[in-house]
Amino acid sequence: MARKTVTMEAGPGAPAERVPGLDRLPAGPTLFVGRRTELAALRAAAARPAEGRSPVLVLAGRPGSGRTALAVRFAVTVAAQYPDGVLFARLSAPDGGRVPPARVARRLLEQLDADTAGVPLPGAVEDGREDPACVALREALAGRRVLLLLDDVRDAGQLWPLLADEPGCLVLATTAGPLTGIEDIDPVILGGLDRPAAADLLGDLVGGTRIGCDPVGAADLAEACGSQPAALRLMAGRLRGHPELAVTEAAKELVRAVAEASAPGAGGAGEAKAGKPAEEAKAAPSGKAGPPGKPAPSGKAAKPAAPAKPEKPVQGRRKKGSGGAEPTAAAPGPVVTPPPAEPARDPAAWVRPAPEPAEPVPVPDNDPLVGAFTLAYAGLPAAQARMLRALTLAPAQCADLRTASALVGCPAPEAAGTLAALAERELLTEEPPAADGTARYRVPGRLHPRLVRLRERDDRPAEVELARARLLERLVRLTESARALLDPAGGPGPDPLPGPLRLTSAAHARQWLLGERDPLLAAVADAIGQGDLDGSAGRLVTALLRALPLTGAAAPADLYQLHELVLTVAERHGRPRRASAALLNLGDLQAAAGRWEQASGHYRAALEHARAADDEALCARALEGAAGCHRALGDAVRAADWYGRALGLRQAMGDHAAEARLLARVAEAHTAQRRFEEAEREYRASLAVLRRLGDEHGREAVGTALAELRERVSAGW
């Protein structure tokens with residue numbers, strides 16, 4: 001049955017197309033109903049005058065409440081008021097991991113097209129000091145009118161460093177738990193949809209005739225779903241896939257699935273075998289559960305969580321008459337004890353150290369969302385169920401036909417059809433398409449932990465490792481083909497990929513590299529972190545280091561991360577020469593950012609590895625790099641010493657070009673120490689070497705430096 005595409009007008013605040021950044025927002029559901037009270041509360045809160053810092057709006061709701069969809073809808077309607085752009089970032093990984101504020105700040109700076117050349121690289125932050133990337137973001141936001149949508153914030157410690165002293169900006173944060181510690185916050189707390197909105201959503205998703213003919217069944221199904229948008233969508237997908245299923249019977253199935261999942265001794269919801277009704281699936285043996293948001297050990301089902309008592313999240317002080325929306329249905333959630341009120345602080349010192357990170361808010365087994373997922377998964381064909389489990393291995397849990405076909409080892413058209421079918425069943429969310437129009441999908445964070453558990457139960461470890469290896473090899477071939485298109489003179493590319501997977505032009509290659517940069521970095525970091533596919537991961541790192549700079553938009557922080565991964569693999573496998581080269585590259589990046597002390601540490605470590613490898617060229621390179629750091633720090637004595645040691649190695653190697661350069665560097669160090677006779681001698685030696693090499697340009701530069709030295713000495717310097 002055809003599905004409707006529009007159910008709600010954007011309203012009078014609809015933004016003009018010229019507002020930059022709207023394409024960064026998640027696509028959101030095509031159908032959106034209800035939430036008028038909550039939207040009005042957000043508009044009222046945004047209209048209140050702000051003092052001191054950017055106003056913060058908070059949307060709080062448990063997983064599946066539709067908080068991200070509502071945030072996107074609100075952002076679209078008010079974007080015209082923020083002509084300097086819309087920024088977006090997710091602050092939690094799909095597995096519940098906490099994204100550090102510094103990483104978020106760097107990505108937001110890139111979206112803002114701010115100058116990031118002076119932002120220190122990762123690992124350059126001194127103990128007890130705030131990451132300069134966050135400081136740079138706040139400075140870049142000064143004087144601008146920007147809307148920041150920060151999705152799935154775990155705790156206030158992630159939010160504090162990103163808030164600028166700019167009342168013209170607006171921060172909209174979504175969260176599953178409380179954000180205690182931020183003053184003057186009136187959270188909009190999401191419960192279930194009201195009954196008319198829930199009925200409208202079911203009617204739009206399933207078909208008005210089918211729902212309209214059974215209003216009692218529709219009401220029962222909405223009640224069984226707790227009127228949660230995510231649960232309603234999953235059940236609507238089940239009804240669309242089973243035209244013979246009565247709406248009333250679907251409601252009964254959901255009630256039974258929730259009861260079985262929350263029963264004592266149950267193996268946890270979502271454990272039904274694909275292709276079998278949930279009530280016929282056998283419960284898996286219970287095992288020891290891991291921390292919230294993390295999968296249970298392989299081969300064991302996670303222990304079901306105890307039902308939580310209904311309680312609203314506490315975000316901060318709530319003032320009377322604030323207009324915050326009240327939930328329309330009771331919703332189970334974490335029990336939160338509000339902290340004591342804090343005394344007022346100096347507005348100039350509102351940025352403070354981050355509190356302890358909060359644990360991810362799990363979806364309890366008695367949640368209707370889990371029951372709806374159990375039924376949806378049990379009704380999947382085996383191929384779709386396998387694809388859904390495999391997508392938890394996709395980098396950043398985002399996939400298209402290129403990555404999905406590699407994970408399951410099927411042709412690209414088949415993978416595209418399976419992805420579309422899973423999205424039709426509401427088990428995947430649609431992301432904004434790639435620059436070339438390729439459809440992209442994401443595993444919802446609310447389903448990710450349970451899918452990981454299913455993968456660990458149903459897929460053999462060898463199959464999982466093979467899927468990961470296929471994915472890495474596919475990414476290596478794509479990256480190398482992109483490099484070949486961007487730099488044909490740099491060497492031939494790999495064998496062509498099948499037509500639907502192929503990059504067709506240099507522009508296409510650049511778009512693909514920039515659009516997939518974060519998933520590519522996530523894939524390589526995950527592979528090296530697990531340590532079992534270092535060969536493929538190392539080839540992907542090398543390919544990225546060759547390809548990303550060709551785009552003209554390679555972030556130094558990304559290159560730094562890649563060289564750190566090279567270092568990790570080299571040290572793991574006892575390859576001192578490769579480790580030394582990685583440390584030299586890290587030192588060069590730190591030196592380019594003006595972090596001379598950190599660069600010196602990398603060069604010294606590179607020297608130790610080069611000595612272990614007995615590589616004189618690398619030793620000389622490390623010595624010269626360390627000497628340059630001493631020179632920049634004003635330590636001319638050490639600079640002369642380290643340049644001299646590098647010079648001795650280059651002379652022994654017969655590298656005359658490097659010999660001439662280092663003689664000039666030693667002369668400069670002598671000049672800084674007012675040792676003018678020694679400086680002139682070294683300049684003259686450098687000129688002699690350059691004369692033998694026939695390097696006229698070098699002779700001119702060194703001759704000019706020598707003439708300036710003689711002139712200053714003659715003037716009484």
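In what order do the three strands of the open sheet with antiparallel pairing stand? The order is β6-β8-β7. β6 (398-399) and β7 (429-431) are the edge strands, and because each has a single partner strand, one side of each is left without a neighbour in the sheet. Strands are DSSP runs of E with at least two residues, helices are runs of H or I with at least four residues, and both are numbered from the N terminus. Two strands are taken as paired if DSSP finds at least two bridges between them. Three bridges connect β7 with strand β8 (residues 440-442) in the antiparallel sense, and Glu430 has Tyr441 in β8 as its bridge partner.

The model is predicted, with local features requiring pLDDT of at least 70 and side-chain atom pairs counted only at pLDDT 80 or more, whereas totals for chains, interfaces and linings use all residues. Residues are numbered from 1 along each chain as its sequence is written, and side-chain values use heavy atoms, with hydrogens and water left out.

The secondary structure of the protein chain consists of 27 helices and eight strands. Of its 717 residues, 51% are buried (under 20% relative accessible area, with exposed meaning over 50% and partly exposed in between; 1.4 Å probe, protein chains only). Among contacts (heavy atoms within 4.5 Å) between residues at least 6 apart in sequence, 71% join residues at least 24 apart.

A second open sheet has five strands in the order β2-β3-β4-β1-β5, with parallel pairing. β2 (86-90) and β5 (188-189) are at its edges, each with a single partner strand, so one side of each is left without a neighbour in the sheet. β2 runs parallel to strand β3 (residues 147-153), to which five bridges join it; Val86 has Leu147 in β3 as its bridge partner. Four of the five residues of β2 are buried. Helix α3 (residues 101-111) lies across β2 and β3 and runs at about 155 degrees to β2. Axes are lines fitted to C-alpha atoms, for helices over the stretch in contact, and angles run from 0 to 180 degrees between N-to-C directions.

Leu401 belongs to helix α13 (residues 401-408). Leu401 counts as buried because its relative accessibility is 18%. Beyond its neighbours within four places in sequence, Leu401 contacts Ala412, Ala415, Ala416, Leu419, Thr438, Pro500 and Leu501.

Helix α23 (residues 616-632) spans 24 Å from its first C-alpha to its last over 17 residues, close to the expected 24 Å (1.5 Å times one less than the number of residues). Of these 17 residues, 12 are buried, including Leu618, Cys619, Leu623, Glu624 and His630. The cover of the buried residues includes α21 (576-592), α22 (596-613), α24 (636-653) and α25 (656-672). At the N-terminal end, Asp615 caps α23 through a side-chain oxygen 3.1 Å from the backbone nitrogen of Ala617. Just after α23, Gly634 has a positive phi of about 85 degrees.

Definitions and conventions
A polar contact is a pair of N or O atoms within 3.5 Å; within protein, one must be able to donate a hydrogen and the other to accept it, and residues adjacent in sequence count only if both atoms are side-chain atoms.
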